[in-house]
Structures are given as structure tokens and as C-alpha cells.
Amino acid sequence: MTSLRSSAASATNASTTSSTVRPTTQSTAGRLEIAQKLLLAPFGLTESHLRRALGEITSYGVDDADLYFQYTRSEGWSLEEGIVKTGSFSIDQGVGVRAVSGEKTAFAYSDDISEASLLDAARTVRSISAVGRAGRVKTPAQKIASSRSLYQDLDPIATLDSTAKVKLLEKVEKFAKAKDPRIVQVMAGLASEYDVVMVARADGTLAADVRPLVRLSVTVIAEQKGRREVGSGGGGGRFGLAYFDDAQIAEYVNDAVKAALTNLEARPAPAGEMTVVLGSGWPGILLHEAIGHGLEGDFNRKGSSAFSGKIGQRVAAKGVTVLDDGTIADRRGSLNVDDEGHASQRNVLIEDGILKGYIQDSLNARLMKVKPTGNGRRESYAHVPMPRMTNTYMLDGDKQPEEIVASIKKGLYATNFGGGQVDITSGKFVFSASEAFWVENGKILYPVKGATIVGNGPDALTRVTMMGNDMQLDSGVGTCGKEGQSVPVGVGQPTLRIDGLTVGGTA
């Protein structure tokens with residue numbers, strides 16, 4: 001199973017225009033200097049040590065090898081009952097060493113960045129080689145990887161002092177309590193991360209990235225006549241904490257309060273097969289889970305995806321175009337380079353309903369005889385890379401969202417989700433709606449709760465009958481889980497009408 005979750009889900013208007021900055025080696029050079037100062041110089045390492053470690057591996061005839069260095073500094077603050085109760089700060093660093101032979105991968109990692117541990121790891125992983133003997137190999141010439149410039153090389157933790165961070169969280173509570181007297185409890189969290197990575201590949205490629213990441217989450221509890229309901233909001237991206245100004249905080253608070261108050265009026269959801277309209281933005285988690293994971297290269301190479309072997313075939317209704325795009329400036333799921341040193345890309349996966357390609361890392365791309373797509377991702381230096389999504393979304397259609405809702409005779413209008421999961425082999429998915437409405441004869445009658453949407457990803461794509469012109473990306477809170485690894489991602493879609501989905505309800 002794979003899963004996507006959010007600590008505070010909401011939608012926001014956001015441009016999906018890819019960065020106009022083309023990949024260049026110059027954009028990598030400055031980040032390499034930062035990475036070398038943090039990850040090599042303090043431990044007496046130079047690029048010659050990296051070449052020696054890679055030489056220890058490649059002399060045994062492996063197909064590929066890489067070194068992945070990482071330095072991560074993270075901080076978190078949380079507010080509850082009007083008090084900032086917890087604060088955390090951590091630093092983690094280390095190196096992962098990988099060798100690949102055929103379909104096999106050998107991997108070792110250490111939080112001790114030293115020449116001795118680096119060489120020990122290299123000698124350990126080289127045993128995967130089918131050749132099993134040492135030999136002389138020519139050392140490849142060093143080359144700096146091409147990279148994009150999608151976000152600033154800043155440390156977001158340093159963009160506000162501690163006093164300002166506490167005041168920011170206190171402001172969240174003040175705004176929420178002022179919105180409505182029924183708000184009885186407010187919880188807020190502020191997270192910042194400064195992540196520096198460096199990749200050295202067996203072909204001589206050097207790549208680096210400096211990745212800021214921030215997130216503000218808001219959760220409120222509303223109470224009325226003894227009934228309590230929860231609402232959430234929040235967002236973030238690859239920028240500094242100054243992004244969370246009063247207007248942005250107010251937007252997140254409004255989302256959370258609106259959701260909680262709506263749920264106070266919610267009735268049990270009807271069950272059965274029906275028309276479902278999905279709102280724009282965060283409901284794109286359905287696209288991410290039901291479609292996106294099924295298009296990842298590893299599942300398709302092994303034949304375990306419902307989309308395996310279907311390149312060039314119709315897999316969705318006409319008009320459905322799905323992209324995975326890691327090149328959108330400042331977005332949570334974007335990357336200047338992936339975790340294998342390849343520049344991120346804008347990949348068209350489905351075009352006008354026709355399957356065009358899969359998401360690839362280097363291992364699966366080599367075995368499937370295609371090029372990597374800039375989607376090799378890993379949670380940290382202690383994990384192996386695999387094909388993962390970045391920002392996955394569907395392009396606009398031509399309908400007004402109000403027109404789509406008005407087209408429902410009897411059905412569900414789901415505007416927010418708590419999360420979901422999918423079985424890749426069967427394509428079956430399940431999602432829980434955190435905010436939804438019952439619609440009859442084109443009129444929204446009342447909010448409902450307890451609605452669960454169940455379906456089959458490939459089948460659901462063919463049942464899309466109307467697409468809105470209101471495509472939005474989520475606000476920047478998504479975290480995707482796959483095989484025990486979590487990475488930040490983005491999702492998005494326009495308002496969609498899907499006929500014949502199964503809704504599990506409580507009515």
C-alpha cells in the first residue's frame with residue numbers, strides 16, 4: 001500500500017507555470033560549494049576521496065554506484081491551549097553508499113562522515129557485483145550536473161527569531177478565537193527544515209541541492225450544543241518563514257474554522273453508487289493515490305501496476321491530461337535536482353486520455369531502456385532512492401465549477417479529504433472525505449460526514465465526464481509514504497465529475 005497524508009489540508013490558488021530557468025551547471029556550482037563546506041571540509045574529505053570510494057565499487061564491475069551525503073537541520077514549535085508547549089531542534093547528517101548490479105541493489109549508510117567509514121561502506125556494497133573480482137577501471141572525468149534554480153539557497157530556520165515564531169503561533173490562536181465564539185480550542189504547529197544534499201555518481205557526475213522547507217498547520221475544535229467537530233488548514237513550501245504574514249495566517253485560519261463549523265451542521269452521509277464531484281486542489285490526493293503511484297517505474301517494470309504495458313493506450317477519458325512536475329518554483333514537491341543528481345522535469349504522464357510514460361529513477365530507467373525523469377527520491381541518506389512523485393496534477397477542462405455541481409441529480413460534492421491509500425496491483429483506492437456535501441437536482445442541500453469514496457483508479461479515470469477550469473494546487477502540506485519512506489509532495493486538480501463511484505456512508 002502507498003499513502004498520502006496531510007497534517008492540515010486545504011487548497012490555495014497557485015500557479016503551475018514551470019520555472020523558466022533552464023538546467024545549468026552554474027546553478028549547481030554555488031550549491032556544491034555550500035555542500036562541500038558542510039559535508040566534506042569538516043571531515044577532511046575532498047573530491048579525490050569520493051572518487052577513490054567510487055573506484056573501490058566500480059572496480060568490481062557493478063552497473064552503477066553513487067554516494068549521497070546529507071546535512072539536515074530541523075526545528076518545530078507547537079501551540080495548544082494558548083501556550084507554546086513544545087519546541088524541538090535537531091541536526092542529522094550522514095552518507096549513503098549504493099551499488100547496483102542488474103536488478104540488485106546493495107546499500108550501506110553511516111552517520112559517521114569520514115574516509116574510513118566511506119571506504120568501509122564502499123567495500124561492503126561492491127560485493128553485489130556479478131563479476132566478483134577486482135580490476136582496473138578508468139576514472140571518469142568529473143562533470144558538474146545540470147540543475148534548476150527553483151528556490152533560494154536559504155536556511156528558513158534563521159528567517160525569524162524565536163520570539164517572532166512564538167508570536168506567529170499566538171497570532172493563529174487569536175485570529176481563530178476571534179472568528180467565531182464556537183471555537184473552543186486551537187492547535188498550531190510551525191516546522192522549518194534546512195536540507196543540504198550532495199551526490200557523487202560513478203560516471204563522474206557531481207550534484208548538490210540546498211532545500212528549504214517550511215509549514216504552518218492549524219487545527220481548531222468547534223463546539224455547539226454538546227457536539228464537537230474538527231477543522232484544519234495550513235500550508236507551506238520552499239521559502240522562508242516571512243511567507244506567513246497576517247494575510248496568509250488569516251487564510252489558513254479561515255479554512256480551518258470554516259471546515260469545523262461546516263462539520264457542526266453535517267448529517268450522516270448516504271451510501272451507494274453515485275455521481276461524485278471532487279473539488280479543486282487538495283482532492284487531487286485521489287489522483288496522486290489512484291493514478292500517480294500506478295505510473296511509477298518500479299511497479300510497471302515488475303508488471304505489478306494496473307497500468308503496466310499500456311504506453312500509447314487510452315487509459316482515461318478524452319481531455320484528461322496528468323503531469324508530474326518537479327519544476328514549479330517554491331513548491332513543496334519541487335526539486336532543483338533529484339536524489340540521484342538529475343535535474344527535475346515536467347513529465348506528461350497521460351495526455352488527452354492516452355498513457356505517455358512512467359515516472360523513473362535511474363535503476364528502473366536503465367532496465368526499461370528509457371531515460372530517468374528526475375524522480376529518483378529518498379527520505380534521507382539512510383534510504384535507497386526509488387521512483388517517486390513530485391507535484392502531480394491534472395490540467396484544466398472547460399467547465400465552470402458551478403456548472404459541474406449543478407449537473408448532479410443526486411450525489412456527493414467532496415471538497416476536502418483527510419487522506420487515502422491505494423493497492424497498486426488492483427488499482428483499488430479508498431479515501432475519507434473530511435468535508436463533503438449532499439447535492440440533489442443541482443442544489444447543495446447540507447454537509448455530510450463519514451463519507452468514504454471507494455473505487456478503482458484506472459476505471460475511475462474513464463468515468464470522468466466533466467472537468468472544471470479552476471485547477472488549483474494544494475496549499476503545500478502533503479507527505480507521501482511508500483515502502484516505509486516519506487517525502488514531501490504536491491497535488492492538484494480542477495473540479496471533476498466522476499460517475500458511478502461507490503460511497504461508503506453512515507446514514
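Q: What makes the crossing of α2 and α3 right-handed in this predicted model?
A: In the model, which is predicted, α2 passes α3 in a right-handed crossing. The term is used if the near helix is turned clockwise from the far one by less than a right angle.

Q: Why is α2 called roughly parallel to α3?
A: Helix α2 (residues 47–58) and helix α3 (residues 115–125) pack at an angle of about 20°, and their axes are 8 Å apart. Angles under 35 degrees count as roughly parallel, so α2 is roughly parallel to α3.

Q: Which residues of α2 and α3 meet, and how do they divide by class?
A: From α2 come H49, L50, R52, A53, E56 and I57; they meet E115, L118, L119, A122, R123 and V125 in α3. By class, this contact has seven nonpolar, four charged and one polar residue.

Q: Why are α4 and α5 called oblique to each other?
A: The angle between helix α4 (residues 162–179) and helix α5 (residues 246–264) is about 50°, with the axes 9 Å apart. Roughly parallel needs an angle under 35 degrees and roughly perpendicular 65 to 115; α4 and α5 are therefore oblique. Their crossing is right-handed.

Q: What makes the contact of α4 with α5?
A: On α4 the residues are L168, K171, V172, F175, A176 and K179, and on α5 they are D246, I249, A250, V253, N254 and V257. Eight of the residues in this contact are nonpolar, three charged and one polar.

Q: How do you know that helix α6 is mostly covered?
A: Buried means under 20% relative accessible area, and eight of the eight residues of α6 (residues 285–292) are buried. Among them are H288 and E289.

Methods
Residues numbered from 1 in each chain as written. Predicted model: local features only at pLDDT ≥ 70, side-chain atom pairs only at ≥ 80, totals over all residues. Heavy atoms only, no water. Axes fitted to C-alpha atoms, helices over the stretch in contact; angles between N-to-C directions. Helix = DSSP H or I, 4+ residues; strand = E, 2+ residues; numbered from the N terminus. Parallel < 35°, antiparallel > 145°, perpendicular 65-115°, else oblique. Contact = heavy atoms within 4.5 Å. Nonpolar A, V, L, I, M, F, W, Y, C, P; charged D, E, K, R; others polar. Buried < 20%, exposed > 50% of the residue type's maximum accessible area, 1.4 Å probe, protein only.
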